[in-house]
Amino acid sequence: MPDDRFHVYDTTLRDGAQQEGLNLTVVDKLAIARHLDGLGVGFIEGGWPGANPKDTEFFRRAQTELDLKHAQLAAFGATRRAGVKAADDPLVAALRESGAPVVTLVAKSHDRHVELALRTTLQENLAMIRDTVSHLRAEGQRVFLDAEHFFDGYASNPAYALEVLRTAAEAGASVIALCDTNGGMLPDELAEVVHAAVQTSARVGIHCHDDTGCAVANTLAAVKAGATHVQGCANGYGERSGNANLFTVVANLQLKRGFDLVPREALADMTRIAHAITEVTNVTPNSHAPYVGVSAFAHKAGLHASAIKVDPNLYQHIDPARVGNDMRMLVSDMAGRASVELKGRELGYELSPEISRELVNRVKDMESKGYTFEAADASFELLLRDTVAGERRRHFEVESWRVIVERTRGGELVSEATVKLHAKGERIVATGEGNGPVNALDRAVRLGLERLYPELAEVELTDFKVRILEGTHGTDAITRVLITSSDATGEWATVGVDENIIEASWQALEQAVTYGLVRAGHVAD
Ligand SMILES: CC(=O)SCCNC(=O)CCNC(=O)[C@H](O)C(C)(C)COP(=O)(O)OP(=O)(O)OC[C@H]1O[C@@H](n2cnc3c(N)ncnc32)[C@H](O)[C@@H]1OP(=O)(O)O
Ligand SMILES: CC(=O)C(=O)O
């Protein structure tokens with residue numbers, strides 16, 4: 001069971017939603033809350049009820065639509081306005097009526113902010129904190145306080161910054177999170193201030209932004225200095241450079257510091273949860289994210305692979321399975337025999353040292369010409385199969401292909417491709433039309449082969465990337481084409497390289513179709 005003496009507090013739905021380009025609907029927020037609950041976080045800050053209709057609706061719907069197993073919902077909002085009673089402030093009323101068991105109040109703890117931004121006195125700010133905390137406590141809610149700009153405030157006026165914490169604690173706030181609102185702190189200085197703050201009676205928490213790239217390090221430093229409540233956002237979302245990445249924080253504290261924060265089986269599901277949340281936010285996942293990124297346990301250098309072959313832990317800091325991730329081998333011109341041997345094993349082949357050596361040489365030679373295999377696993381597997389077989393083996397042979405791109409009188413662009421192929425003892429001539437030359441070639445190949453290989457109806461070309469590479473040996477620039485294809489059960493990528501973009505595309509396309517047939521279980525003639 002997770003340790004209740006330590007809080008994991010997620011603010012993805014509030015501070016995370018303050019990220020540029022991130023726009024969540026109520027349904028998105030409900031879905032993310034379920035994922036976070038699945039991870040086992042203790043608190044989910046759902047937004048600021050009363051500040052906008054969406055956040056108000058979220059709290060209303062959460063009462064009937066969220067069946068949280070681990071987490072409690074927290075409603076975020078500010079202390080009362082200067083000069084009004086907490087009970088009469090409409091934004092405080094929205095917090096009271098949110099139905100959330102926890103309210104997190106943001107309060108000024110920096111004297112200059114009180115005077116310049118709130119335009120009130122230091123004493124009135126303390127009264128705003130005292131009144132709002134005690135009012136909500138009297139209404140039966142648990143109150144946490146986010147001490148905004150605490151670290152900058154402590155540098156400006158330490159006595160006042162600490163007075164804010166004391167006031168909130170005495171009024172009944174059970175957690176006071178110290179906020180590095182501008183994200184400008186470094187771990188050593190931050191730790192000293194946290195150390196001073198933990199002398200207050202309430203539990204001290206930490207809320208860090210990543211403007212110095214230190215949000216996670218700062219969070220860990222705060223914990224070392226005595227903080228027992230960590231705030232962060234899924235995938236490090238948040239205002240400006242983002243917040244502390246909650247997944248990194250949790251994994252570090254649990255796996256490196258021995259805290260029991262979330263159930264072990266939930267931690268082992270963290271990579272899936274991180275990616276599921278990116279599906280909801282529609283933000284491209286950071287493939288290099290610690291622990292959960294697809295590259296977090298991907299090994300490219302040959303020397304690494306040769307040691308990993310003996311013991312994977314020689315080049316990775318944890319077993320990736322503990323966070324639900326996988327080790328992967330990348331094959332490129334930095335590979336050695338061990339890299340291709342391990343990659344082969346990953347793909348289900350046991351390669352002899354001789355085949356591995358030959359394959360490494362072929363990979364290095366082709367990469368020097370512009371191919372890239374780390375982004376084109378399917379091309380690598382076809383190369384591997386050819387090397388093992390000692391010859392190039394395909395399910396169809398190409399006699400010729402031709403593409404015509406015509407601009408009609410009406411200004412319409414029409415592409416038409418004809419392919420002449422040989423498969424299963426037949427000569428096939430097929431023509432396809434498409435909205436571009438590659439699309440036309442793709443249609444022509446399918447039209448020609450589908451009768452012999454009906455599974456091709458399932459294969460779809462899902463992505464097409466072109467990159468112009470520097471010319472080598474004084475020749476003209478060459479083109480690299482990467483094609484991603486998919487069928488009902490997965491996707492694969494293939495690569496083609498040539499001075500001519502259509503030839504490069506054809507190579508990638510021919511391999512894409514061939515690999516689709518390999519996946520369908522067809523054996524090459
Ligand atoms: C550090 C953080 O990220 S905290 C979270 C910030 N999140 C957001 O701001 C998103 C949601 N915010 C909103 O929708 C709006 O800003 C609202 C509804 C909260 C307020 O809107 P408005 O009433 O139009 O005020 P506006 O945004 O211009 O200014 C904020 C007001 O809150 C006051 N205020 C700021 N912090 C506090 C505080 N801790 N306690 C009390 N009042 C505060 C400001 O002084 C200002 O007062 P003023 O209206 O007298 O000038
Ligand atoms: C409260 C908050 O989000 C901050 O101070 O950064």
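Begin with the shell around ligand 1, where β4 gives the largest share, three residues. This is a predicted model, in which local features need pLDDT of at least 70 and side-chain atom pairs count only at pLDDT 80 or more, while totals for chains, interfaces and linings use all residues. Residues are numbered from 1 along each chain as its sequence is written, and chains are lettered from A and ligands numbered from 1 in the order in which they are written.

Select β4 (102–108) and α4 (111–118): each supplies at least two residues of this shell. Helices (H or I, at least four residues) and strands (E, at least two) are DSSP runs, numbered from the N terminus. Ligand 1 is surrounded by 15 residues, the closest being Ala 51, Ala 78, Thr 79, Val 106 and Leu 118; a residue counts as near if its C-beta atom, placed from the backbone, lies within 6 Å.

Next, select ligand 2. Around it stand Asp 15, Val 106, Asp 146, Glu 148, Cys 179, Thr 181, His 207 and His 209.

Now select residues 6–274, where UniProt, in an unreviewed entry, places the feature "domain: Pyruvate carboxyltransferase"; such annotations may be inferred rather than shown by experiment. This stretch is 45% helix and 17% strand, with its end C-alpha atoms 22 Å apart.

Finally, select α13 (residues 302–310) and α14 (residues 337–347), whose axes (lines fitted to C-alpha atoms over the stretch in contact, with angles from 0 to 180 degrees between N-to-C directions) come within 7 Å and cross at roughly 60 degrees.
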